[in-house]
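Please look at the structure on the screen while I talk. I will go from the whole chain to a few single residues.

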Amino acid sequence: MKKFFERNLIMILILLGLFVIWELACTWAQVPSYVLPKPSRIFRTLWQNFGPLMDHSSVTLVESLIGILISVALAIFLGLFMDLNQTLRQTLHSLLVISQCIPSLVLAPLLMIWLGFGMAPKIVVVVLMCFYPITVNFAEGLQKLSQDSLDLLHSFGASQVQIYRVAKIPAAIPDLFSGLRVAATYSISAAVIGEWLSSQAGLGYYMIRVSNTYQLDKVFACLFLIIFWSLVMNGLVALMRLLWEPGRGLIVRSRHKREAKALGIDDSTKP
């Protein structure tokens, strides 16, 4: 915790300064709360409505987590598929780029018609916004293994499956985490966009409901929560990467021993 504050001290001071300026400006200019509420009022509203906001947050978080899990599975499948053939890679990459050119707000009403008013259309919106950075980063990571390393594995008689298990996928995992970190940050906003159009619960639903009655203090409280949960999702992915990296050496060595044994390679003499 101490290191966290040391690394982010400047950012924390800037945020505190902005909140102070915001508070003083609203007080000095006597800005109505239905135009721009003071930070003190927003945080008081956040505290007073903490229970309902947490209930709506739980719905949005479930939609985001399910969407992220589907995005990771889809990204791994597409990344491996793209790595098999260069022509296929270029074709799929072009299609992925085209998929990101379509605004989610345009697709959301169609998804509502096709999938109904439940959780499914929100999850699809999360997947559409999140799978691209994971797929592209993972596919790029699979290409990082040098040709010399591939030739060495082929000389040992490694099959295509073994090459992916021993070398390619482990080498691409850092890139997978990089894409996942970006996608996890987007996931909350994606779920909120889906909730704006059709929902009975969630932060997006709550935001629309209170904005219709000009309760901007509650709108900002909801916005602060969206930022908070996005940062939490980002931090969870960063924590997963930190937990993976220290154990990576032991995991990789153990896997290499199993693969070497399967290939008939004696590595018992290695230190």
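The chain exposes about 16,000 Å², and carbon and sulfur atoms supply 69% of that area. Accessible areas here come from the Shrake-Rupley method with a 1.4 Å probe, and for residues only the protein chains shown count as cover.

This is a predicted model, so local features need pLDDT of at least 70 and side-chain atom pairs count only at pLDDT 80 or more, while totals for chains, interfaces and linings use all residues. Residues are numbered from 1 along each chain as its sequence is written, and side-chain values use heavy atoms, with hydrogens and water left out.

How confident is the predictor? The pLDDT, which is the predictor's confidence in each residue from 0 to 100, averages 83 over the chain, and 88% of the residues score at least 70. Over residues 267-271 the pLDDT stays under 50. For residues 267-271 the model has two contacts beyond four places in sequence, where contact means heavy atoms within 4.5 Å.

Next, the overall make-up. The chain has 11 helices and zero strands. Helices (H or I, at least four residues) and strands (E, at least two) are DSSP runs, numbered from the N terminus. Of the 271 residues, 38% count as buried. Buried means under 20% relative accessible area, exposed means over 50%, and partly exposed is in between, with a 1.4 Å probe and protein chains only. Among contacts with a separation of 6 or more, 76% are between residues 24 or more positions apart.

Now helix 5. Helix 5 covers residues 86-101, which is 16 residues. From its first C-alpha to its last, helix 5 reaches 23 Å, close to the 22 Å expected at 1.5 Å a residue. The expected span is 1.5 Å times one less than the number of residues.

Which residues of helix 5 are buried? They are R89, L92 and L96. Seen down the axis of helix 5, the buried residues fall within an arc of 75 degrees, so they line one face of the helix. The arc is that of the directions from the helix axis to the C-beta atoms. As background, an α-helix has 3.6 residues a turn, so residues three or four places apart point the same way. On the other side of helix 5, T87, L95, I98 and C101 are exposed. The cover over the buried residues of helix 5 includes helix 4 (50-84) and helix 7 (120-142).

Then helix 9, residues 160-197, where S187 sits. Is S187 buried or exposed? S187 counts as buried because its relative accessibility is 0%. A polar atom of the S187 side chain lies 2.6 Å from the backbone oxygen of A184. Not counting residues up to four places away in sequence, S187 touches S64, I68, V126, C130 and M233.

A190 is in helix 9 as well. A190 also has 0% relative accessibility, so it counts as buried. Leaving aside neighbours within four places in sequence, A190 is in contact with V125, V126 and M129. A190 and C130 are 60 residues apart in sequence, and their C-alpha atoms are 8.2 Å apart in space.

One more from helix 9 is D175. D175 counts as buried, at 12% relative accessibility. Beyond its neighbours within four places in sequence, D175 is in contact with N137, G141 and K144.

Helix 2 (residues 9-29) has 21 residues and reaches 30 Å from first C-alpha to last, close to the 30 Å expected at 1.5 Å a residue. Just after helix 2 comes Q30, with a positive phi of about 55 degrees, although Q30 is not a glycine. Q30 is in the loop between helix 2 and helix 3 (39-48), and it counts as exposed at 67% relative accessibility.

Y214 has a positive phi of about 60 degrees and is not a glycine either. Where is Y214 found? Y214 is in the loop between helix 10 (203-211) and helix 11 (216-263). Y214 is exposed, with a relative accessible area of 60%.

Last, V210, which is in helix 10. V210 counts as buried, at 2% relative accessibility. Leaving aside neighbours within four places in sequence, V210 is in contact with Q215, K218 and V219. V210 and C222 are 12 residues apart in sequence and 9.7 Å apart in space, C-alpha to C-alpha.

Technical notes:
Polar contact = N/O pair within 3.5 Å; in protein donor to acceptor, adjacent residues only side chain to side chain.
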